[in-house]
Amino acid sequence: MHAGTRRHTARLIPAALAAGLLMTACGTGAGSSKAAEPAAKVTVTPAAGSSTAKLGSPISVKADGGKLTTVDVKDDKGAKVPGKLTADGASWTSEGKVRPKTTYTVATKAKSTGGKESSATTTFTTEQADKVNKLTNTPGNGQTVGTGMPISILFDHAIAKGNRAEVEKALKVTTQPHVEGAWGWVKDWSGKDRIDWRPKDYWPAGTKVSVRGGLSGINSGDGGWFARDYDFDFTIGADHKAVIDVPSHTLTLYADGKAVGTIRGSAGSPQDPTRGGVHTVRSKNAAETMDSATIGHGDEWMLDSQWVTHLTASGTFLHSAPWNRSLGVVNNSHGCFGMTTSDAKRVYDFLSVGSTVEVKGTSSTKKTDVGNGLEVWQENWQQWQQRSALK
């Protein structure tokens with residue numbers, strides 16, 4: 001019995017060893033398969049390593065055979081480039097387009113369908129633009145302005161008509177409270193292209209306005225590109241306006257729709273009548289020399305004036321006229337409204353840049369072009385809307 005037991009045990013040992021060897025073989029096979037599993041393939045567009053990547057497209061990152069878990073893109077100044085990852089992790093796209101002559105670094109993490117994790121960092125540099133288009137915005141950031149003030153954006157270089165819709169779409173206006181308005185394309189008095197946003201009606205006093213211009217990487221045409229975004233904010237101040245009644249030689253000031261004072265002065269003569277319609281105060285100057293040559297009258301006069309409130313770019317002003325002995329009696333100016341020095345200061349202090357001045361009863365038949373200052377109120381709402389490139 002004892003000897004038989006030993007023989008039986010000896011026969012069991014090879015079977016146990018065989019089972020152990022089989023388990024070991026299976027374990028080795030699984031480890032080799034996982035190590036050989038491919039990582040997700042990540043593709044960056046524009047192509048990684050490029051030194052002359054084309055302009056006009058967003059940054060795109062895609063994963064094949066897996067999904068993206070992290071995408072971090074920065075420009076050569078260290079600023080993060082915002083973008084959106086799809087819900088399935090298959091792709092990521094930047095919110096804006098690439099800027100001229102900028103190096104971007106794209107850091108990604110991905111996971112394959114089998115769970116294998118991988119990471120990569122790549123860079124590319126965009127080509128230089130023939131022209132970098134910049135802009136000047138009015139009002140300035142943080143400024144408080146009158147209730148007739150448009151948002152006015154003047155471009156350094158021309159905006160091709162075929163590119164205007166994309167530029168207009170990139171400009172967003174947010175107001176608190178909500179105010180209806182629209183963009184319109186304008187030829188500025190300087191000859192440059194301009195786009196203005198005006199409310200349908202005058203702004204309510206106290207309105208907060210934010211302008212966000214996501215222009216970076218947008219083609220403006222004729223070799224020009226925008227290289228940055230533009231953001232600014234401003235506030236609408238008190239509801240102060242003025243109305244000039246030419247036949248009665250008066251200028252009346254209004255606060256919140258109520259008359260608060262009337263000033264006697266001199267408007268344009270029958271030969272040079274003051275331009276009619278609703279003007280917007282575009283700037284102010286405490287002291288200025290009135291030069292006849294600037295409005296086509298040669299060297300007829302060179303007069304020093306104070307408290308000058310500018311309306312049109314072509315030279316329609318409200319100003320002191322101490323040399324005029326017929327103030328309040330005869331309209332004999334060359335298109336401006338002249339007053340005593342003390343009255344001119346009163347008007348200067350009362351009206352803000354962006355306040356409106358309406359001229360009534362003039363014999364002038366000239367239509368003031370919208371670009372001749374901030375003259376957006378020379379057109380009605382339907383006319384203004386036709387200026388949009390999105391109509």
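Reply: Two strands count as paired if DSSP finds at least two bridges between them. This is a predicted model.

Me: Which residue in strand 20 is the bridge partner of Val-243?
Reply: Strand 19 covers residues 240-245 and pairs with strand 20 in the antiparallel sense, over 6 bridges. In strand 20, the partner of Val-243 is Thr-252.

Me: Which residue of strand 21 is the bridge partner of Thr-252?
Reply: Strand 21 spans residues 258-264 and pairs with strand 20 in the antiparallel sense, over 6 bridges. Across that pairing, the partner of Thr-252 is Thr-262.

Me: How many of the 6 residues of strand 20 are buried?
Reply: Buried here means under 20% relative accessible area. Strand 20, residues 250-255, is largely enclosed by the rest of the structure, because the number of its 6 residues that are buried is 5.

Me: In the hairpin of strand 20 and strand 21, which residue takes a positive phi?
Reply: The hairpin of strand 19 and strand 20 has 4 residues between the strands, and there His-249 has a positive phi near 60°. The hairpin of strand 20 and strand 21 has 2 residues between the strands, and the residue with a positive phi, near 55°, is Asp-256.

Me: Which strands stand at the edges of the open sheet of 4 strands?
Reply: The order in that sheet is 10-18-15-12, with mixed pairing. An edge strand has a single partner strand, so one side of it is left without a neighbour in the sheet; this applies to strand 10 (144-145) and strand 12 (171-176).

Conventions:
Residues are numbered from 1 along each chain as its sequence is written. This is a predicted model: local features need pLDDT of at least 70, side-chain atom pairs count only at pLDDT 80 or more; totals for chains, interfaces and linings use all residues. Side-chain values use heavy atoms; hydrogens and water are left out. Buried means under 20% relative accessible area, exposed over 50%, partly exposed in between (1.4 Å probe, protein chains only).
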